[in-house]
Amino acid sequence: MNRQLLAPIIVGTDIIPYSNEVKDLGVTISSDLSWNRHVNTISSKVHYVLYRLKFRGSFLPPSIKLSLVNALVIPHLDYATLVIADLSGYLNTKLQRLQNIALRYIYRLRRDERLKPYKKRANWLSITSRRQYFLGNLAYQIITTSQPSYLSSRFILIYDSLRRSSRLNSSQFMLPTSRTNLYARSFWITAIKFWSSLSPRLRGLASLASFRTNLFASLFSADHSD
């Protein structure tokens, strides 16, 4: 849309200029609602950290390199992961490749070497599973504490009398019809779908600590099953 046709945004006496992208708390938000620039920023940070690690510690034992990567690289991949829950497949693959590069650094692997056994050895989830892990944890907290209220209000229970209707989703919470892919990939719809996909035993665990442990084990087992 032509910016000249848009009404100006005025706060007090100040006019807020339009921008193609803004950064808020380290998250780059683009005007087209894509995460290309944000993922490119993550990629630059990860490559820089790995360059420094390779320069100073290529011959450290794998256990030390794993600790360094967990402390200095993985936080970049995890930061605001639920904000970018609607990430495209292409960008998700790009993040997974960054994790793979870090794994090759730790264990000094060739590019054609199979990574799955080493990912298991590092006790890592895939990028997709890591996002699901954080998504499940937040959903558990929202559902069990009803906080924060602006998210809890989105989780509308399906009453037993209505659950029998074929027009309603058979999960625990109502899932609205989504007419666009962007809306279908939004946080709360993704959270409800993922929560509904979990086993009743997992959803019924009494504490967050127990839920975290069991969810990680479930995702880890799915990632590394043959």
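Helices are DSSP runs of H or I with at least four residues, numbered from the N terminus. In this predicted model, helix H1 spans residues 36-57 and includes Ser43. The relative accessible area of Ser43 is 11%. Buried means under 20%, so Ser43 is buried. Beyond residues up to four places away in sequence, Ser43 touches Lys94 and Leu98.

Helix H4 covers residues 89-107, and helix H6 covers residues 127-145. The two helices pack at an angle of about 105°. Their axes lie 9 Å apart. Angles of 65 to 115 degrees count as roughly perpendicular. H4 and H6 are therefore roughly perpendicular to each other. On the H4 side, the contact is made by Asn92, Leu95, Gln96 and Gln99. On the H6 side, Ile127, Thr128, Arg130 and Arg131 take part. By class, the residues of this contact comprise 2 nonpolar, 4 polar and 2 charged.

The largest cavity holds about 30 Å³ of space. Its lining consists of Leu77, Asp78, Thr81, Ile127, Arg130, Arg131 and Phe134. Ile127, Arg130 and Arg131 are also among the H6 residues that meet H4. Two helices, H3 (74-78) and H6, each supply at least two residues of the lining of the largest cavity. H6 gives the most, with 4 residues. The lining of the largest cavity divides into 3 nonpolar, 1 polar and 3 charged residues.

The relative accessibility of Trp188 is 13%. With the cut-off for buried set at under 20%, Trp188 therefore counts as buried. Arg154, Pro176 and Tyr183 are touched by Trp188, again leaving aside residues up to four places away in sequence. The separation between Trp188 and Tyr133 was also computed. In sequence, Trp188 and Tyr133 are 55 residues apart. In space, the C-alpha to C-alpha distance between Trp188 and Tyr133 is 15 Å.

Technical notes
Residues numbered from 1 in each chain as written. Predicted model: local features only at pLDDT ≥ 70, side-chain atom pairs only at ≥ 80, totals over all residues. Heavy atoms only, no water. Buried < 20%, exposed > 50% of the residue type's maximum accessible area, 1.4 Å probe, protein only. Contact = heavy atoms within 4.5 Å. Axes fitted to C-alpha atoms, helices over the stretch in contact; angles between N-to-C directions. Parallel < 35°, antiparallel > 145°, perpendicular 65-115°, else oblique. Nonpolar A, V, L, I, M, F, W, Y, C, P; charged D, E, K, R; others polar. 1 Å grid on protein atoms, 1.4 Å probe; cavity = no way out; pocket = protein on both sides within 12 Å on 5 of 7 lines; lining within 4 Å. Points joined across faces, edges and corners; volume = space filled by probe spheres on them.
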